[in-house]
Amino acid sequence: MHTIYSRINNTSALLSTCLMCLVGAIAVSSYFMTTDPRGTIGVASIQVFPGNARRYVNKQQDFAFLHFNVSADLTPLFNWNTKQLFLYVSAEYTNPQGIRNDVVIWDKIVRRKEDANITITSRNKYTFRELSSTFR
C-alpha cells in the first residue's frame, strides 16, 4: 500500500510537469506570434546653446534641443500576451572628457492596438544638457 506522502509526491510531480509543459507551450507560441515592427526615425535639426545651470550660479552648461521625426507601425507587436508598449528615443554622445553618455529625450506608452500606428514630429520632451561642464 502507498503512504499518503508518496501519493502527495506523485500528485505534485504530475501537476508540476503539466504546469511546465503549459509554460513551455506559452513561450513557444509567443515566439512564433511575434513579428518585427517596421519604422523609421530621423533627426530634423540639432541646436546647442550655452547657458547657466539652475542650481549653480557660476556653472556653464550646454543645452541641446533636438527635433526628430518618428514613424512606426507597431500593430504586429500586440498579441494576446502584450498589454502595452513603452517607446523611447535616446541620444548617445561623447563629452570633451571622452565619457560616453546615453540620455532619454522622449518617451511614450502605447496602451491599445489602435494607437500603435505612430507618426510623430516632435522635439525632446526632457532636458538634454551636458552635466560635466566646468565652472566659469
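Mentor: We will take the labels one by one and set each value against its cut-off.

Trainee: Before that, how confident is the predictor in the chain?

Mentor: This is a predicted model, and the mean pLDDT of the chain is 85, with 91% of its residues at 70 or more. Confidence is highest in helix H1 (residues 4–33), at a mean of 91, and lowest in strand E6 (residues 128–129), at 80.

Trainee: Which residues does UniProt mark as a "transmembrane region"?

Mentor: The record, an unreviewed entry, places that feature at residues 12–33. In the model this span is 100% helix and 0% strand, and its end C-alpha atoms lie 31 Å apart.

Trainee: Which residues form the nonpolar patch on the surface?

Mentor: The patch is made of Leu 19, Met 20, Leu 22, Val 23, Ile 26, Met 33 and Trp 80, and together they have about 670 Å² of accessible area. Val 23, one of these, sits in helix H1.

Trainee: Why is Val 23 called partly exposed?

Mentor: Its relative accessibility is 45%. Partly exposed covers what lies between the buried limit of under 20% and the exposed limit of over 50%, so Val 23 counts as partly exposed.

Trainee: And what makes Leu 15 exposed?

Mentor: Leu 15 also lies in helix H1. Its relative accessibility is 56%, and exposed means over 50%, so Leu 15 counts as exposed. Leu 15 and Tyr 88 are 73 residues apart in sequence and 41 Å apart in space, C-alpha to C-alpha.

Trainee: How many salt bridges does the structure hold?

Mentor: There are three. One of them joins the side chains of Glu 92 and Arg 100, at 3.7 Å from N to O.

Trainee: Why does the pair Glu 92 and Arg 100 count as a salt bridge?

Mentor: The limit is 4 Å between a side-chain nitrogen of Lys or Arg and a carboxyl oxygen of Asp or Glu. The N to O distance here is 3.7 Å, so the pair meets the definition. Glu 92 is exposed at 54% relative accessible area, and Arg 100 is exposed at 55%.

Trainee: What about the side chains of Arg 112 and Asp 115?

Mentor: They form a salt bridge at 3.2 Å, N to O. Arg 112 has 46% relative accessibility and counts as partly exposed, and Asp 115 is partly exposed too, at 34%.

Trainee: Which side chain meets Asp 107 in a salt bridge?

Mentor: That is Lys 125, at 3.0 Å from N to O. The pair links distant parts of the chain: Asp 107 is in strand E4, while Lys 125 is in the loop between strand E5 (117–123) and E6, 18 residues apart.

Trainee: How do you know whether Asp 107 is buried or exposed?

Mentor: Asp 107 has a relative accessible area of 15%. Buried means under 20%, so Asp 107 is buried.

Trainee: Where is Tyr 126 found?

Mentor: Tyr 126 is in the loop between E5 and E6, and at 34% relative accessibility it counts as partly exposed. Tyr 126 and Trp 106 are 20 residues apart in sequence and 6.5 Å apart in space, C-alpha to C-alpha.

Trainee: Why is Thr 119 called exposed?

Mentor: Thr 119, in strand E5, has 68% relative accessibility. Thr 119 and Ser 71 are 48 residues apart in sequence and 4.3 Å apart in space, C-alpha to C-alpha.

Conventions
Residues are numbered from 1 along each chain as its sequence is written. Side-chain values use heavy atoms; hydrogens and water are left out. UniProt positions are given in the numbering used here, feature names are shortened, and annotations may be inferred rather than shown by experiment. Helices (H or I, at least four residues) and strands (E, at least two) are DSSP runs, numbered from the N terminus. pLDDT is the predictor's confidence in each residue, from 0 to 100. Patches are made of residues with over 30% relative accessible area and no salt bridge: like charges are joined within 9 Å, nonpolar side chains (Val, Leu, Ile, Met, Phe, Trp, Tyr) within 5 Å. Accessible areas come from the Shrake-Rupley method with a 1.4 Å probe; for residues, only the protein chains shown count as cover. Buried means under 20% relative accessible area, exposed over 50%, partly exposed in between (1.4 Å probe, protein chains only).
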